[in-house]
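Open the model in your viewer and keep the sequence panel beside it. The stops below are given as selections, one after another.

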Amino acid sequence: MMNRSFLHLSWYCFFRVFPISLLCFAVSCQQNFNDSPISGLRIDQSKDGQIALGQPGLLKADIALDKAIDFISFELKNSEGMLIEMDWPCIADVKGQQNYTLSQQFQVPTTVRSGKYWLILSVEDVQSLEHRDSILIDVVLDNTIPIIGALDVGINKKGNDLHLEAELTAISKIDRVEVLIEGEHFSKDVSFDKPSIKDQLTITFHEHVHVDDAPAGEYTVLLTLYDQEGRIAKAEGAFTK
């Protein structure tokens, strides 16, 4: 039969030593968290991580690695962990840097349902070591933001006239429409704020832009609608000359 004094000593050691071990483990975990090379991950100027469908958000973070950064990638997942398909921007100026301040605009597509989502930032260094951080964002539906219908983009046979057409709606009235045309060796920015556009609630935007000086190639068209409260909506198209 085991000695009672031995049992007493064993339990005494357990209750004295185990809390200290647990405390050391907790401190160790906290230290590892504090040593993460990604800090300050947030949606800038967003209340409680909220972002409206179809509206741009600004993702910010500070990155400090021991080795040079190879690339940065993003993911959006729902509460069940399913990946949401999105067109994420490519960050060209990050490769080779060890310290980097991320300030990247992104936009949740209008096809996504409102609700809670995890936005995940992944940073991989030149030795293929990956670092990840995530934030919970609340995607909400805001019926006061401007809306752009399907954007129709077409160029004439001569290649000198670009046709643009879309249905535009702004509850707070339209302030202006800006169109950016970009190719490999060409860029053109045009603003539209004439009386038939400005101060209107809804219009059929139908305009033509001269692109006779644009060389042959592939082009993207970004149409941005601004309302009089400073909110925006964006639509993209493309054409080949």
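Start by selecting Glu207, which counts as buried at 12% relative accessibility. This is a predicted model. Lys194 sits in the loop between strand S12 (187–192) and strand S13 (202–210), while Glu207 belongs to strand S13, so the pair links distant parts of the chain, 13 residues apart.

Next, select Asp70 and Lys95. Their closest N and O atoms are 2.3 Å apart, in another salt bridge. Because Asp70 lies in strand S4 (residues 69–78) and Lys95 in the loop between S4 and S5, this bridge ties together parts that are 25 residues apart in sequence. Asp70 is partly exposed, with a relative accessible area of 22%; Lys95 is exposed, at 57%.

Move to Arg132 and Glu130, a salt bridge with its closest N and O atoms 3.9 Å apart. Arg132 is partly exposed at 43% relative accessibility, and Glu130 is partly exposed at 42%.

Now select Asp175, Arg176, Glu178 and Lys198 together; salt bridges link them in a network. The whole structure holds 10 salt bridges.

Finish at the largest pocket, which contains about 830 Å³ of space. To find its centre, select Gly54, Gln107, Pro109, Lys234 and Glu236, the closest to that point of the 26 lining residues. Strands S5 (99–107), S8 (147–148) and S15 (232–240) each give two or more residues to the lining. Coloured by type, the lining shows 14 nonpolar, eight polar and four charged residues.

Definitions and conventions. Residues are numbered from 1 along each chain as its sequence is written. This is a predicted model: local features need pLDDT of at least 70, side-chain atom pairs count only at pLDDT 80 or more; totals for chains, interfaces and linings use all residues. Side-chain values use heavy atoms; hydrogens and water are left out. On a 1 Å grid over the protein atoms alone, a cavity is a set of points where a 1.4 Å probe fits but cannot get out, and a pocket is an open set with protein on both sides within 12 Å along at least five of seven lines; lining residues have an atom within 4 Å of a point. Grid points are joined across faces, edges and corners, and a volume is the space filled by probe spheres set on the points. Helices (H or I, at least four residues) and strands (E, at least two) are DSSP runs, numbered from the N terminus. Ala, Val, Leu, Ile, Met, Phe, Trp, Tyr, Cys and Pro count as nonpolar, Asp, Glu, Lys and Arg as charged, and the others, Gly among them, as polar. A salt bridge is a side-chain nitrogen of Lys or Arg within 4 Å of a carboxyl oxygen of Asp or Glu. Buried means under 20% relative accessible area, exposed over 50%, partly exposed in between (1.4 Å probe, protein chains only).
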